[in-house]
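My notes follow in the order I looked things up.

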Amino acid sequence: MIGLLLAAAAALVAAFVLAPSALLRPTFGAYDSGAKLQDALGRALVEYWRSGTPAFPARLTTLVDYWFQWHAIKVAISALLVIVFALLTTALWQRYLRARPWYAAIATAATVLTVLAMGVLSENILVMAVPLIGLLPLLPGRTADGKLAQVLSEMREGLTDSASPHAGSPALTVLLGEVERYYWVTVAISATLMVATGLASAHFWKRRIAGDPSATRVRFMHSTLGVITTLTACLLLLVAADSALLALEPATSLLGVIGAG
């Protein structure tokens, strides 16, 4: 059972890295290379900024669709990873209770991996929900024609100077709305996971307190799970609070994404 779960986890990790590119190559072959994706994004943003309309041009729409599908594939794989790691964690803790004590270290590591897999899943759900903002950090420093640097400079001017003619740009208005949505989605995901892990933490501590004091392995298992879930809930609370603040200041947040110049 444990060996099968380990093999499944290894296969899913490999698929997480390789599958999106392989599955999307027939449709989006031009973006298979990181450099090509960056250059296409830079050119698409220049085209969007210069269009003077809130509607995405065809090139940017294609990129957003590509990034959405890329992360949709990763969501499916990471969801399976969470399930596999959770089953592996359960199996290892059961083995610890019934067999050698050194299984505790492996079970703890599997628990942490389950939490990390949940983090990867939530991050990919977030980017799938707001793919454009997930794309912006990939912007290159410049495009071959040098127009991107000028566009980014105009964007920064529009974000920092309300009197600038670029402040009312339709593209900038859309980008600010997307940034705000991105961080509110982050708040929603983080808050939901925080409640879930908080309830799990309360359950583990309750089981530890109510359990048989002589059952040291059971108490250790519940203590370990309680600590991990408590720390995770606290981290999620910080993420939710920070994201809420960023959502309230979309201009500052967008500046952080495109670079302050």
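**Helix H9 and what follows**

I began at the end of H9, where Gly 259 follows with a positive phi, near 95°. The model is a predicted one, and I read each entry below as such.

Which residues of helix H9 are buried? I listed Pro 250, Ser 253, Leu 254, Leu 255 and Ile 258 within the helix, which spans residues 250–258. I then looked for their packing partners. These buried residues of H9 pack against helix H6 (147–160), H7 and H8.

**The largest pocket**

I turned to open space next. The largest pocket has a volume of about 690 Å³. Its lining is made up of 30 residues, and the closest to the centre are Val 115, Met 118, Gly 119, Thr 232 and Leu 236. Which elements give two or more residues to that lining? I noted helix H4 (103–129), helix H7 (170–210) and helix H8 (216–248). By class, I found 17 nonpolar, 11 polar and two charged residues in the lining.

Thr 232 belongs to helix H8. Its relative accessible area is 15%, so Thr 232 is buried. Setting aside neighbours within four places in sequence, I found Thr 232 in contact with Val 115 and Thr 197. Val 115 is also among the residues closest to the pocket centre.

**Aromatic pairs**

I counted ring pairs next and reached 10 aromatic pairs. One of them joins Trp 93 and Tyr 96 in an edge-to-face arrangement, 5.6 Å centre to centre with 80° between the planes. Why are Trp 93 and Tyr 96 separated by about one helical turn? They are three residues apart in helix H3 (residues 58–98), so about one helical turn separates them. Trp 93 counts as buried because its relative accessibility is 3%. Tyr 96 also counts as buried, because its value is 6%.

A second pair I wrote down is Trp 102 with Tyr 103, which is stacked: 4.3 Å centre to centre, 15° between the planes. Is Trp 102 buried or partly exposed? With a relative accessible area of 48%, Trp 102 is partly exposed. Tyr 103 has 14% relative accessibility, so it counts as buried.

I also traced a cluster. Ring pairs link Phe 28, Tyr 66, Trp 67 and Trp 70.

**Charges over rings**

I looked for charged ends sitting over rings. The charged end of Lys 74 sits over the ring of Phe 16, 3.7 Å from the ring centre. I recorded Arg 217 as well: its charged end sits over the ring of Tyr 96, 5.4 Å from the centre.

**Gly 168**

My last stop was a loop residue. Where is Gly 168 found? I placed Gly 168 in the loop between H6 and H7. Is Gly 168 buried or exposed? Its relative accessibility is 59%, so Gly 168 counts as exposed. I then took a distance back to Phe 16. Phe 16 is the residue whose ring lies under the charged end of Lys 74.

Technical notes: Residues numbered from 1 in each chain as written. Predicted model: local features only at pLDDT ≥ 70, side-chain atom pairs only at ≥ 80, totals over all residues. Heavy atoms only, no water. 1 Å grid on protein atoms, 1.4 Å probe; cavity = no way out; pocket = protein on both sides within 12 Å on 5 of 7 lines; lining within 4 Å. Points joined across faces, edges and corners; volume = space filled by probe spheres on them. Helix = DSSP H or I, 4+ residues; strand = E, 2+ residues; numbered from the N terminus. Nonpolar A, V, L, I, M, F, W, Y, C, P; charged D, E, K, R; others polar. Buried < 20%, exposed > 50% of the residue type's maximum accessible area, 1.4 Å probe, protein only. Contact = heavy atoms within 4.5 Å. Phe/Tyr/Trp six-rings, centres within 6.5 Å; stacked < 30°, edge-to-face > 60°. Lys NZ or Arg CZ within 6 Å of the ring centre and 35° of its normal.
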